[in-house]
Structure formats: structure tokens, C-alpha cells
Amino acid sequence: MDILTNLNLYIDQATAEFVSGIKDPNNDADWNEYLEMLEKNRLSEYIEVNQVAFDRKRGK
């Protein structure tokens, strides 16, 4: 799977857990786990690739 697919699947799952109360976004441990999993799913890489593409399009 590509980065975006993995990120979307994880975000959908985490959103359902936060909305249903399985996880609490106000709980530091739950929130930090969410952020860590975003990084494991290569969020930074996704942002970097898209920033480069955006900058090229804008002529930077």
C-alpha cells in the first residue's frame, strides 16, 4: 500500500476509536500513541514529498 492509503486507514480507525470512546484524545497516552502511529505510517515523509511538489509547482 502507498503512504496515503496507510495514513487514511489509520486515521479512519483512530477517529472511530476517539469518537466511540475507546480512546480519549484528552488522554496524553492515547494522543501520543496516535501521533506516534502517524509517524510510523510515514506522515512526515508524505508531508515532505507533497511540500516539494507544491514548491516546484509554485516555482520555488
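I3 touches N41, R42, E45 and Y46, leaving aside residues up to four places away in sequence. Contact here means heavy atoms within 4.5 Å. The model is predicted: local features need pLDDT of at least 70, side-chain atom pairs count only at pLDDT 80 or more, and totals for chains, interfaces and linings use all residues. Residues are numbered from 1 along each chain as its sequence is written, and side-chain values use heavy atoms, with hydrogens and water left out.

**Fold and extent**

From the N terminus on, its elements run α-α-α. The radius of gyration of the protein chain is 14 Å, well over the 10 Å that the globule rule gives for 60 residues, so the chain is more spread out than a compact globule. That radius is taken over C-alpha atoms, and the globule rule is 2.2 Å times the number of residues to the power 0.38. Helices (H or I, at least four residues) and strands (E, at least two) are DSSP runs, numbered from the N terminus. Along the principal axes, the C-alpha atoms fill a box of roughly 45 × 25 × 15 Å.

Of the contacts with a separation of 6 or more, 50% join residues 24 or more positions apart. Buried residues make up 18% of the 60 residues. Buried means under 20% relative accessible area, exposed over 50%, and partly exposed in between (1.4 Å probe, protein chains only).

**The core**

The largest nonpolar core has seven residues: I3, L7, Y10, A14, F18, Y34 and L38. The elements that give two or more residues to this core are α1 and α2. Helix α1 gives the most, with five residues. Such a core is a set of buried Ala, Val, Leu, Ile, Met, Phe, Trp, Tyr and Cys residues joined through side-chain atoms within 4.5 Å.

**Selected residues**

| Residue | Relative accessible area | State |
|---|---|---|
| L38 | 8% | buried |
| E17 | 18% | buried |
| I11 | 30% | partly exposed |
| R42 | 40% | partly exposed |

L38 lies in helix α2 (residues 28–40). Not counting residues up to four places away in sequence, L38 touches L7, Y10, I11 and L43. L38 and L7 are 31 residues apart in sequence, yet 6.9 Å apart in space, C-alpha to C-alpha.

I11 sits in helix α1. With residues up to four places away in sequence left out, I11 touches Y34 and L38. I11 and L38 are 27 residues apart in sequence and 8.0 Å apart in space, C-alpha to C-alpha.

E17 is also found in helix α1 (residues 3–20).

R42 belongs to the loop between α2 and α3 (43–58). R42 has a positive phi of about 70 degrees, although it is not a glycine.

**Surface and charge**

The accessible surface of the protein chain comes to about 4800 Å², and 53% of it belongs to carbon and sulfur atoms. Accessible areas come from the Shrake-Rupley method with a 1.4 Å probe; for residues, only the protein chains shown count as cover.

The chain carries 7 positive and 12 negative charges, and their mean positions are 13 Å apart. Lys and Arg count as positive and Asp and Glu as negative; His and the chain ends are not counted. The place of a charge is taken as NZ of Lys, CZ of Arg, CG of Asp or CD of Glu.
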